[in-house]
Amino acid sequence: TYRGNSGISGVTSSTYRTALAKLADTVSVKDFGAAIDGVTDDTAAWQAAAATGLPIKMPSGTSIVSGLVFTSSVCIFADSSFSSTIKLKNGSNTHVIKSTGDITISLFNVGIDGNYLNQTLTPNYPCGVLVPIGRLIMENCYVTNVLNHAIHTGNTDYDYAAGSYAH
C-alpha cells in the first residue's frame, strides 16, 4: 500500500492505496491545453504536464511541438500504436524530444515525426529523440522523417526499444 505525497506539490493523501492504484494516476496533455490537432503548437502544454511528475497520456492525433526538453524523468503513453504522433513544428530546427541531465524518458505507443523537409537544417542536424545521458525506454513506438539519427543515446546506462522502429 501507499500513503504520502501524490507527486503534485502541496497535495498529500492520508488514504492507503495499493501500488497498482497509485500507478494509475496520470494526466492528459489535453488537461494542460494541448489541442492535438496537427496545427496548434502544444509545447507549453507538454512542459506543464511533465512538471506534474505523473505519466502523461497522449490522445489520438498529431501534436505539434517546437521541441520538448525534459529536465526530469517523464513517461508519455498512448492507447495504441500509430494513432498518436508528436511532430516537430515547421522551422523549429531542433530535436523533437531531448533530455538534459541523468533522467529517464519512457515512450509507449507514441510516434515521433522530425518533419525534416520543413526544417532549415544546419550542420547540427536534429535527432528525433536525443538522450545524451540517462535512460531511454521505448515500446511500440516509431520515429520518422529525421535526417540525422532517429534515436541518439550518448552515455546512457540503459536503453530499451521493444517493438519500435525508425524510418
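Is Y142 buried or exposed? At 12% relative accessibility, Y142 counts as buried, where buried means under 20% relative accessible area, exposed over 50% and partly exposed in between, with a 1.4 Å probe and protein chains only. This is a predicted model, in which local features need pLDDT of at least 70 and side-chain atom pairs count only at pLDDT 80 or more, while totals for chains, interfaces and linings use all residues. Residues are numbered from 1 along each chain as its sequence is written, and side-chain values use heavy atoms, with hydrogens and water left out.

**View 1. The whole protein.** The secondary structure comes to two helices and 13 strands; helices (H or I, at least four residues) and strands (E, at least two) are DSSP runs, numbered from the N terminus. Of the 167 residues, 39% are buried.

**View 2. The aromatic pair F82 and Y142.** Rings of Phe, Tyr and Trp (its six-membered ring) pair if their centres lie within 6.5 Å, with planes under 30 degrees apart counted as stacked, over 60 as edge-to-face and the rest as tilted. By this rule the structure has one aromatic pair. The ring centres of F82 and Y142 are 5.5 Å apart and their planes stand at 20°, so the pair is stacked. F82 lies in the loop between β5 (74-77) and β6 (84-88), and Y142 lies in strand β11 (residues 142-144), 60 residues apart, so that this pair links distant parts of the chain. F82 counts as exposed, at 56% relative accessibility.

**View 3. The largest nonpolar core.** A nonpolar core is a set of buried Ala, Val, Leu, Ile, Met, Phe, Trp, Tyr and Cys residues joined through side-chain atoms within 4.5 Å. The largest one holds 34 residues, of which W46, I56, F70, I76, I86, I97 and I105 touch the most other members. Two or more residues each come from α2 (43-51), β4 (68-70), β5, β6, β8 (104-108) and β10 (129-139). Leaving aside neighbours within four places in sequence, the contacts of I86 (heavy atoms within 4.5 Å) include W46, M58, V65, L68, I76 and I97.

**View 4. Strand β8 and its partners.** Four of the five residues of β8 are buried, and the strand is mostly covered. Two strands pair if DSSP finds at least two bridges between them; β8 pairs in the parallel sense with β5 over four bridges and in the parallel sense with β10 over five bridges. C75 stands opposite S106 in β8, while I105 has L136 in β10 as its bridge partner.

**View 5. Salt bridges.** The structure holds three salt bridges, each a side-chain nitrogen of Lys or Arg within 4 Å of a carboxyl oxygen of Asp or Glu. D41 and K89 meet at 3.5 Å, N to O, and this pair links the loop between β1 (27-28) and α2 with the loop between β6 and β7 (97-99), 48 residues apart. D41 is partly exposed at 30% relative accessibility, and K89 is partly exposed at 37%. D79 and K57 meet at 3.0 Å, N to O, with D79 in the loop between β5 and β6 and K57 in strand β2 (residues 56-57). R135 and D102 meet at 2.9 Å, N to O.

**View 6. The surroundings of T62.** T62 sits in strand β3 (residues 61-65) and is partly exposed, at 27% relative accessibility. Leaving aside neighbours within four places in sequence, T62 is in contact with I36, D37, G38, T85 and K87.
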